[in-house]
Amino acid sequence: MSQGMLVVIFVVAAVAGYFIIRNVPALLHTPLMSGMNALSGITILGAMVAGGIGETKVTWILGIVAAFFAMLNIEGGFALTDRMLKMFGNKKEGGK
């Protein structure tokens with residue numbers, strides 16, 4: 001696959017993801033975050049493959065950047081889910 005094709009795939013995926021997430025109502029962001037963790041895992045694999053087959057340093061760097069942002073997304077999803085679960089947790093904990 002050529003470098004130009006990998007860049008086009010990256011840009012199209014980024015734009016499509018932006019418009020999909022932008023149209024999700026705010027009330028659904030937290031429940032959807034847990035499901036997005038699984039999709040971000042797939043994104044990491046795709047980024048690693050794209051970076052691994054990259055013919056130049058640019059595609060290799062783009063693969064690393066994509067994997068990094070997908071890992072940030074997963075960490076944010078877990079942190080947000082944990083925070084949400086603590087909100088609905090047992091009030092008896094901590095003597096309250």
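## Threonine 59 in helix α3

Threonine 59 sits in helix α3, which covers residues 57-87; helices here are DSSP runs of H or I with at least four residues, numbered from the N terminus. This is a predicted model, in which local features need pLDDT of at least 70 and side-chain atom pairs count only at pLDDT 80 or more, while totals for chains, interfaces and linings use all residues. Residues are numbered from 1 along each chain as its sequence is written, and side-chain values use heavy atoms, with hydrogens and water left out.

With a relative accessible area of 5%, threonine 59 is buried (buried is under 20%, exposed over 50% and partly exposed in between, using a 1.4 Å probe and protein chains only). Leaving aside residues up to four places away in sequence, threonine 59 touches Gln3, Leu6, Ala50, Gly51 and Gly54, where contact means heavy atoms within 4.5 Å. A polar atom of the threonine 59 side chain also lies 2.9 Å from the backbone oxygen of threonine 56.

## Phenylalanine 10 in helix α1

Now to phenylalanine 10, a residue of helix α1 (residues 3-22). Phenylalanine 10 is partly exposed, at 36% relative accessible area. Beyond residues up to four places away in sequence, phenylalanine 10 touches Leu62 and Ala66. Its C-alpha atom is 9.3 Å from that of glycine 63, a residue 53 places away along the chain.

## The aromatic pair

The structure holds 1 aromatic pair. Phenylalanine 68 and phenylalanine 69 form it, edge-to-face, at 5.6 Å centre to centre with 65 degrees between the planes (rings of Phe, Tyr and Trp, the last by its six-membered ring, pair if their centres lie within 6.5 Å; planes under 30 degrees apart are stacked, over 60 edge-to-face and the rest tilted). Phenylalanine 68 is partly exposed at 47% relative accessible area, whereas phenylalanine 69 counts as exposed at 51%.

Key:
Helices (H or I, at least four residues) and strands (E, at least two) are DSSP runs, numbered from the N terminus. A polar contact is a pair of N or O atoms within 3.5 Å; within protein, one must be able to donate a hydrogen and the other to accept it, and residues adjacent in sequence count only if both atoms are side-chain atoms.
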